[in-house]
Every structure is written in structure tokens, then in C-alpha cells.
Amino acid sequence: MVTKYNTGQDVLIPAVIRSAREENGAVVYDVDFESWRGIPEDLVIVDERVSARAAFDKEMRNLTREIF
């Protein structure tokens, strides 16, 4: 099988915002998505900003572990 996306890749998927709340000074959204049905490949979106942010967050967690 040839796939457009790879396992472990950060992607955006369709979801429905159900509510919003403030948590520690930041807005947090509660969303619903139907993962049990799977997401058709044509509805998946790769956003380079999301991928970059995820990589940055991962490296910051690793750095924090190394420091402590």
C-alpha cells in the first residue's frame, strides 16, 4: 500500500469544536472527532507550522530532561 502520509507524522484532521474555556490564561478548545471511522486521506492536512511547533515542543521536553 502506498500512503500519502507517514505514521508518526503531525497532521490536522477534521474535528468539531464543542466548547471553549480559559485555562492558565490560554483559550483551550474541546473538540469531537470520529476516529473510530478513520479519516479519509483527502481530508488530512499537513500544516508546516504545526509540524514545526511539534518538533520544537519535543526538543524542549528533551532539553528539560537533560537539564534535570
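**Close-up views of a predicted model**

View 1. The model shown here is predicted. Aspartate 42 lies in the loop that connects strand E2 (26-32) with helix H1 (48-67). Lysine 4 stands 38 residues from aspartate 42 in sequence, and the C-alpha atoms of the two are 9.3 Å apart in space.

**View 2. Asparagine 24 between two strands.** The loop between E1 and E2 holds asparagine 24. Although asparagine 24 is not a glycine, its phi is positive, at about 55°. Most residues other than glycine have a negative phi. Asparagine 24 is exposed because its relative accessible area of 80% is over the cut-off of 50%.

**View 3. The largest pocket and its lining.** The volume of the largest pocket is about 200 Å³. Its lining includes Pro14, Ala15, Val16 and Arg18, together with Asp32, Phe33 and Glu34. Arg37, Gly38, Ile39, Pro40 and Leu43 also line the largest pocket. Sorted by class, the lining of the largest pocket comprises seven nonpolar residues, four charged residues and one polar residue.

**View 4. Confidence along the chain.** The average pLDDT of the chain is 85, and 99% of the residues score at least 70. Among the elements of the chain, strand E1 (residues 16-23) has the highest mean pLDDT, 93, whereas H1 has the lowest, 84.

Terms used:
Residues numbered from 1 in each chain as written. Predicted model: local features only at pLDDT ≥ 70, side-chain atom pairs only at ≥ 80, totals over all residues. Heavy atoms only, no water. 1 Å grid on protein atoms, 1.4 Å probe; cavity = no way out; pocket = protein on both sides within 12 Å on 5 of 7 lines; lining within 4 Å. Points joined across faces, edges and corners; volume = space filled by probe spheres on them. Nonpolar A, V, L, I, M, F, W, Y, C, P; charged D, E, K, R; others polar. Helix = DSSP H or I, 4+ residues; strand = E, 2+ residues; numbered from the N terminus. pLDDT = per-residue confidence, 0-100. Buried < 20%, exposed > 50% of the residue type's maximum accessible area, 1.4 Å probe, protein only.
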